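Subject: A structure for you to look at

Hello,

Here is the structure I promised to pass on, with the sequence alongside. Please open both, and then read on for what turned up.

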Amino acid sequence: MITELKSVHDIWKRMPTERHARLFLENAIWGDDRFCPHCGSLSSRPLRSASVRPGLYQCAERDCRSQFTVTTKTPLHATKLDLRIWIAAMFLVLTSSKGISSVVMSRLLGVNQKTAWKLGHAIRELMDDRHGVAGRLSGVVEVDEAFIGGKPKFRHGVKNKRGRGTGKPIALVAAARNGQARAVLIPNAQGGTMKPIMKGWIDPNSVLITDKNSSYRKIGASFANHFTVQHNKREYANRKTGAHINTAEAVNAVVQRALIGVYHRLGHKHLQRYLDEILWRWNHRVPETKVRKRKSCSGFRSTETTTVWKPIPVVDQMRGLLCGAVGREMRRTPAWGLRWP
Ligand SMILES: [Zn+2]
């Protein structure tokens, strides 16, 4: 079993034929229980003959009898690409710390830019936590809104608003201090919009920290405790309670930087998937404590400990992505858009 992939070259070394890549995907998507993507039945048999394409199975359920492969009903459905290209694309998306554009990906993989664009979106499609596998945020949870996008174009005599009240897309961001975070696009920053989302994300026994925005006042009552900081009074950490929302702001900063740096012109309709990608990266890191010994010129020794957040191994991330792949089929439209059958 492949437990580590160090580079794109490593993929071709460890998977010399496409069959190896297929077995890797079968293991990641099905584990030991191969199931029919049409009816969910656990009994099926491989179809083997010279005329049959490799990796084809037939469901043994009497009223199903459908044929399927490991990519059926996943974002890889009906792909014509070598499966190793898919694995390499996943590798690139998961190991680029700030995301990768389709232009760069097409160059690295030797595929058409539009193909790379579809690959990127298919991988992002796997990144949202729609099945709630990640569980609820708990402990101290900070919530903030992010207004996505850079400065508006300068126009003489027009004073642009900042923050609330601009026409920019708004993302609601929640970040627990233990390293997990969530983000979703919301149509407005009103309490009625945010409350159900926050209740779904955050364990009621958590301590909630927000800014002083009145929309949060009522929501705060749903949690064990609610502290606020007053950003408009330049209070970034409350001295008495120790409350701050620096973690949520750090997530915001990562979102802003990724969107400005890589995806210069991105459509609003794809924005949520880019958010999912950025949050996937944030949520798949583990803290690593580093102890450094220092020696000064005078011979004085001191030790310094720092915590670095490192991404979890890429193969583990791939397995995490692929285990929920069935049922997320998406297709390309003739006009190079995307559709979900
Ligand atoms: Zn079936």
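Which residues is I87 in contact with, leaving aside its neighbours within four places in sequence? The list is L5, I11, M15, A21, F24, L25 and M318, where contact means heavy atoms within 4.5 Å.

Some ground rules before the rest. This is a predicted model, in which local features need pLDDT of at least 70 and side-chain atom pairs count only at pLDDT 80 or more, while totals for chains, interfaces and linings use all residues. Residues are numbered from 1 along each chain as its sequence is written, and side-chain values use heavy atoms, with hydrogens and water left out.

**The chain as a whole**

You will find ten helices and twelve strands in the chain; these are DSSP runs numbered from the N terminus, with helices being H or I of at least four residues and strands E of at least two. Its C-alpha atoms fill a box of roughly 75 × 60 × 50 Å, taken along the principal axes. Of the 341 residues, 44% count as buried, that is, under 20% relative accessible area with a 1.4 Å probe and protein chains only (exposed is over 50%, partly exposed in between). Among contacts between residues at least 6 apart in sequence, 59% join residues at least 24 apart.

**The core**

I87 turns up again in the largest nonpolar core, which has 47 residues; L5, I87, M105, L109 and M318 are those with the most contacts inside it. Such a core is a set of buried Ala, Val, Leu, Ile, Met, Phe, Trp, Tyr and Cys residues joined through side-chain atoms within 4.5 Å. Two or more residues each come from helix 2, strand 2 (57–59), helix 3, helix 4 (102–109), helix 5 and helix 10. Helix 3 gives the most, with eleven residues.

**Helix 3 and its partners**

The axes of helix 3 and helix 4 come within 11 Å and cross at roughly 135 degrees. Axes here are lines fitted to C-alpha atoms, for helices over the stretch in contact, with angles from 0 to 180 degrees between N-to-C directions. That angle makes helix 3 oblique to helix 4; under 35 degrees would count as roughly parallel, over 145 as roughly antiparallel, 65 to 115 as roughly perpendicular, and the rest is oblique. In this pair, I85, A88, A89, L92 and V93 of helix 3 meet M105, L108 and L109 of helix 4.

With helix 5, the axis of helix 3 comes within 10 Å and crosses at roughly 70 degrees, so the two are roughly perpendicular. Here I85, W86, A89, M90 and V93 of helix 3 meet L119, A122 and I123 of helix 5.

Helix 5 also holds W117. Not counting residues up to four places away in sequence, W117 touches S102, H270, W336 and L338. The C-alpha atoms of W117 and S106 are separated by 8.2 Å.

**Helix 10**

Because seven of the nine residues of helix 10 (residues 314–322) are buried, the helix is largely enclosed by the rest of the structure.

Enjoy exploring!

Best wishes
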